[in-house]
Amino acid sequence: MMHKHVLLVLVALFVLVAPVWAQDATPEATAEPWVCPEGFAGQTLNIYNWSTYVAEDTIPNFEAACGVTVEYSVYGSNEEMLARLSQGNPGFDIVVPTGYMIATMVGRDLLEPLDLSKIPNSANLREVLRNSAYDPEQMYSLPYQWGTLGVGYNINTVGEEITSWDQVFGYAGPVAWIDDPRFMFGVALTILGFDANSENPDEIAAARDFLVENGGNVVAIAADDGQALLQRGDVDIAIEYSGDIFQIGVDCECEDFHYVLPEPGGQVWVDNLAIPVGAPNPELAHVFMDYIYDAQVGADISNYTAYASPNQAAIDAELILPEYLDNPIVYPTEETIASSFTTLAVSSDAEQAYGDAWDEVKILLGR
């Protein structure tokens, strides 16, 4: 899922190995509870988000504070969400696209402009995440969580530390890829020496051929649940989000699962809160965004998901678990960011080319 929109510096090797997983730790600090504005009791908010992406009490606490009902639906990829909304908004008030998808949706008139005066807690946004290339001045979105996309693996079954993509593609055991065409093609294009966001049809075709030729060990192309396959032992290696791999390490209270951005790099991403065109309750959507940007609420989410918080107030108030804040898997270092690529929006023709090529990859791999 972060798009600080760094330059594509893809020459450095950066490896992150398993930390000592946090075990039921909680930060000592707490903040005053968020107060809902009056006038929303009895209303309904419809949220369309990724799975396992809020704390267990995030939604119930919002419902109780405002006297509202939240209908919560999930999707497994940006492309799935885009396809559904492109057919007409079926009633969602909040969506959570990744940075490049924000630009794509704005270009297709699928997002409503935000009124930041109705989201006073938006002042808590970290400076480093402001004025992104995909949405200058937060006109359509506010960062929700950020992190990296790389490789999780079971060190016991793999038997060695993974440091390069060659090891992933050449591994003799079962591997799961993520159903994210822009990421998978970004990796292949980078390995082939091309721009990770190439719009050249020949380069996209070459990346397609590379993935087909190097996909013999793929037993699943997972829709945002590769970590479950890894945790169950169905695969030894899963291409997944940093927080998802970190979470299964916390669950097992073990050091079996390692996470790495293999040479020449992974992806840095930012997921964002946005209001789709046709939202039936945009006013309550603004209130929900303000709630999410409350320091305590934002900290609780990041402490649960093990992704980096965009909330500077939560960090300053020491509400983030120190085990997470000091961990380079959860809060990527500048070196991590420099060795990674960022997925950017491309033309509609290139977008179609990526989609068609990915379909061909899945068909030829039988997945």
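A search across the whole structure, which is a predicted model, turns up 21 aromatic pairs. A pair here means rings of Phe, Tyr or Trp (for Trp, the six-membered ring) with centres within 6.5 Å; planes under 30 degrees apart count as stacked, over 60 as edge-to-face and the rest as tilted. Take Trp50 and Tyr241: their ring centres are 6.3 Å apart and the planes sit at 70 degrees, so this pair is edge-to-face. It also links distant parts of the chain, with Trp50 in strand β1 (residues 44-50) and Tyr241 in strand β7 (residues 237-241), 191 residues apart. Strands and helices are DSSP runs numbered from the N terminus (E, at least two residues, for strands; H or I, at least four, for helices). Buried stands for under 20% relative accessible area, exposed for over 50% and partly exposed for anything in between, using a 1.4 Å probe and protein chains only.

Next up is Trp165 with Phe183, where the centres are 6.2 Å apart and the planes at 55 degrees, so the pair is tilted. Trp165 belongs to helix α5 (residues 165-169) and Phe183 to helix α6 (residues 181-191), so the contact ties together parts 18 residues apart in sequence. Trp165 is buried at 1% relative accessibility, and Phe183 is buried at 0%.

Ring pairs also build a cluster out of Tyr48, Trp50, Tyr53, Tyr75, Phe92, Tyr144, Tyr241, Trp269 and Tyr307. One of its members, Tyr48, has the charged end of Arg84 over its ring, 5.3 Å from the centre. Sitting over a ring requires NZ of Lys or CZ of Arg within 6 Å of the ring centre and within 35 degrees of the ring normal. Arg182 does likewise with Tyr354, at 4.8 Å from the ring centre.

Those last two residues also turn up where helices meet. In α6, Pro181, Arg182, Met184, Phe185 and Leu189 meet Tyr354, Ala357, Trp358 and Val361 of α15. Helix α15 (residues 348-365) packs against α6 at about 85 degrees, with the axes 10 Å apart. The two helices are therefore roughly perpendicular, on a scale where under 35 degrees is roughly parallel, over 145 roughly antiparallel, 65 to 115 roughly perpendicular and the rest oblique. Axes are lines fitted to C-alpha atoms, for helices over the stretch in contact, and angles run from 0 to 180 degrees between N-to-C directions.

Strand β1 is part of an open sheet of 3 strands, ordered β2-β1-β3 with parallel pairing. β2 (69-75) and β3 (94-95) are the edge strands, each with a single partner, so one side of each has no neighbour in the sheet. β1 and β2 pair over 7 bridges, where pairing takes at least two DSSP bridges. Glu71 in β2 is the bridge partner of Asn46. Helix α1 (residues 58-66) lies across β1 and β2, at about 155 degrees to β2, while helix α10 (residues 282-292) lies across β1 and β3, at about 55 degrees to β1.

Gln247, in helix α9 (residues 242-252), is buried at 15% relative accessibility. Beyond neighbours within four places in sequence, Gln247 is in contact (heavy atoms within 4.5 Å) with Thr52, Tyr304, Thr305, Ala306 and Tyr307.

Residues are numbered from 1 along each chain as its sequence is written, and side-chain values use heavy atoms, leaving out hydrogens and water. Local features need pLDDT of at least 70 and side-chain atom pairs count only at pLDDT 80 or more, while totals for chains, interfaces and linings use all residues.
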